[in-house]
Amino acid sequence: MNPNTTKRLNNGKQIPQLGLGVYKVPAEQVYETVKNALELGYRHIDTASFYGNEEGVGKAIKDSGIPREEIFVTTKVWNDDHGFERAQEAFAKSLNRLGLEYVDLYLIHWPVPTIFPETWKALEKVYKDGAAKAIGVSNFLDHHLQELARTQEVQPAVDQIELHPKLVETRTINYCHEKGIAIESWSPLGRATYLDDPLLVKLGEKYKKSPAQIIIRWHLQRDFVVIPKSTNSERQRENITVFDFHLDERDMKLLDQMDEGMRVGSHPNNVSIQK
Ligand code: NDP
């Protein structure tokens with residue numbers, strides 16, 4: 001495995017299993033953050049219209065000189081842009097802000113009740129038009145996916161959900177595995193709120209890695225796509241240096257047992273349409 005190890009999505013497209021998330025990276029800082037990550041070897045960037053930093057992401061990609069097809073770019077439709085027409089307009093605006101001709105993955109950011117199946121029709125359209133190479137959802141639990149399945153023509157390629165050792169959404173993961181939907185972990189480090197956990201520290205000592213690297217390795221070995229965020233060059237490097245060790249089965253089980261349903265973000269059943 002190397003930093004550009006990819007995973008095959010259900011439509012045949014490859015996604016780098018490790019990427020950089022840029023939530024809460026200020027617009028004025030995102031250019032340097034993404035530029036640095038690309039120099040370190042990251043080839044997958046996760047943004048959203050809600051993050052307000054798509055322009056800087058697109059500019060850093062352009063200025064990197066790396067061929068466009070070597071970088072995987074994800075963005076998302078925000079909660080107040082749901083609906084067939086509005087979502088298509090939102091997509092066009094995102095593409096324009098990114099300065100790209102296509103995105104690799106377009107996601108519904110949150111399952112805004114009752115309207116998300118209509119929004120999905122817009123995503124199916126941009127997918128069929130070729131302007132998004134894959135489409136998926138975010139924050140969909142198994143019951144949201146079941147509701148979507150009643151009217152969808154295209155199966156989501158990805159479900160991006162909050163996922164880290166203290167929050168393992170087993171039912172949703174099982175449903176996605178059954179349907180061939182890739183799981184992508186957001187806040188994969190639990191927003192760094194429990195990196196001092198004794199088990200993580202102990203495993204870090206055992207493998208000569210940091211607690212963050214232990215967690216990222218756990219995601220990779222669970223076959224999740226993982227997008228840790230860091231604006232710090234050293235931590236970006238640390239987060240990508242996870243392809244030179246392997247957690248044994250017993251330690252994977254110990255990490256699985258950390259699950260206590262602890263959220264650092266909102267619950268998908270409580271979606272607000274406010275910013
Ligand atoms: P993460 O779990 O990635 O944690 C980020 C925090 O951890 C930052 O404070 C960062 O600080 C710190 N950090 C990063 N690396 C290390 C390290 N090696 N050691 C110690 N601390 C570290 O949380 P996010 O919420 O940012 O999630 C990641 C990405 O997931 C987002 O950026 C976004 O792209 C996506 N996301 C999607 C959501 C959705 O609804 N679809 C919701 C939330 C996030 P520093 O920057 O200073 O290094």
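The model is predicted. Its open sheet has 8 strands with parallel pairing, in the order S3-S4-S5-S6-S7-S8-S9-S10. Strands S3 (20-21) and S10 (225-226) stand at the edges with a single partner strand each, so one side of each lacks a neighbour in the sheet. The largest pocket has a volume of about 840 Å³, and a search of the whole structure also finds 1 cavity of 30 Å³ or more.

**Strand pairing**

- Strands of a sheet pair through backbone hydrogen bonds, in a parallel or an antiparallel sense.
- Gly-21 has Asp-46 in S4 as its bridge partner.
- Strand S5 (residues 72-77) runs parallel to S6 and is joined to it by 4 bridges. Across this pair, Val-77 stands opposite Ile-108 in S6.
- S6 also pairs with strand S7 (residues 135-138), in the parallel sense and over 3 bridges. Here Leu-107 stands opposite Gly-136 in S7.
- S7 pairs in turn with S8 in the parallel sense, over 2 bridges. The bridge partner of Ser-138 in S8 is Gln-160.
- S8 is joined by 5 bridges to strand S9 (residues 182-186), and the two run parallel.

**Burial of S6 and S8**

- Strand S6 (residues 105-108) points Leu-105 and Leu-107 one way and Tyr-106 and Ile-108 the other way. These four side chains belong to residues that are all buried.
- In strand S8 (residues 158-162), 5 of the 5 residues are buried, so the strand is largely enclosed by the rest of the structure.

**Crossovers**

- S5 and S6 form a right-handed β-α-β unit with helix H3 (residues 84-98).
- From S6 the chain crosses through helix H4 (residues 116-128) to S7, in a β-α-β crossover that is right-handed.
- Helix H5 (residues 142-149) makes a right-handed β-α-β unit with S7 and S8.
- Helix H6 (residues 170-179) makes a right-handed β-α-β unit with S8 and S9.

**Largest pocket**

- Rolling a probe the size of a water molecule over the atoms shows where empty space is left.
- The lining of the largest pocket consists of 39 residues, and Tyr-23, Trp-186, Ser-187, Arg-191 and Lys-229 lie nearest the centre of the pocket.
- By class, the pocket lining divides into 16 nonpolar, 16 polar and 7 charged residues.
- Helix H8 (211-221) and helix H9 (233-240) each supply at least two residues of this lining. H9 gives the most, with 3 residues.

**Largest cavity**

- The largest cavity has a volume of about 30 Å³.
- Its lining is made up of Asn-139, Leu-141, Ile-161, Glu-162, Glu-169, Trp-186, Arg-263, Ser-266 and Pro-268.
- These lining residues divide into 4 nonpolar, 2 polar and 3 charged.
- Trp-186 lines the cavity and is also among the residues nearest the centre of the largest pocket.
- Ile-161 and Glu-162 are in the cavity lining, and strand S8 (residues 158-162) is the strand whose residues are buried, 5 of 5.

Terms used:
Residues are numbered from 1 along each chain as its sequence is written. This is a predicted model: local features need pLDDT of at least 70, side-chain atom pairs count only at pLDDT 80 or more; totals for chains, interfaces and linings use all residues. Side-chain values use heavy atoms; hydrogens and water are left out. On a 1 Å grid over the protein atoms alone, a cavity is a set of points where a 1.4 Å probe fits but cannot get out, and a pocket is an open set with protein on both sides within 12 Å along at least five of seven lines; lining residues have an atom within 4 Å of a point. Grid points are joined across faces, edges and corners, and a volume is the space filled by probe spheres set on the points. Ala, Val, Leu, Ile, Met, Phe, Trp, Tyr, Cys and Pro count as nonpolar, Asp, Glu, Lys and Arg as charged, and the others, Gly among them, as polar. Two strands pair if DSSP finds at least two bridges between them. Buried means under 20% relative accessible area, exposed over 50%, partly exposed in between (1.4 Å probe, protein chains only). A crossover is right-handed if, with the strands pointing away from the viewer, the path from the first strand over the helix to the second runs clockwise.
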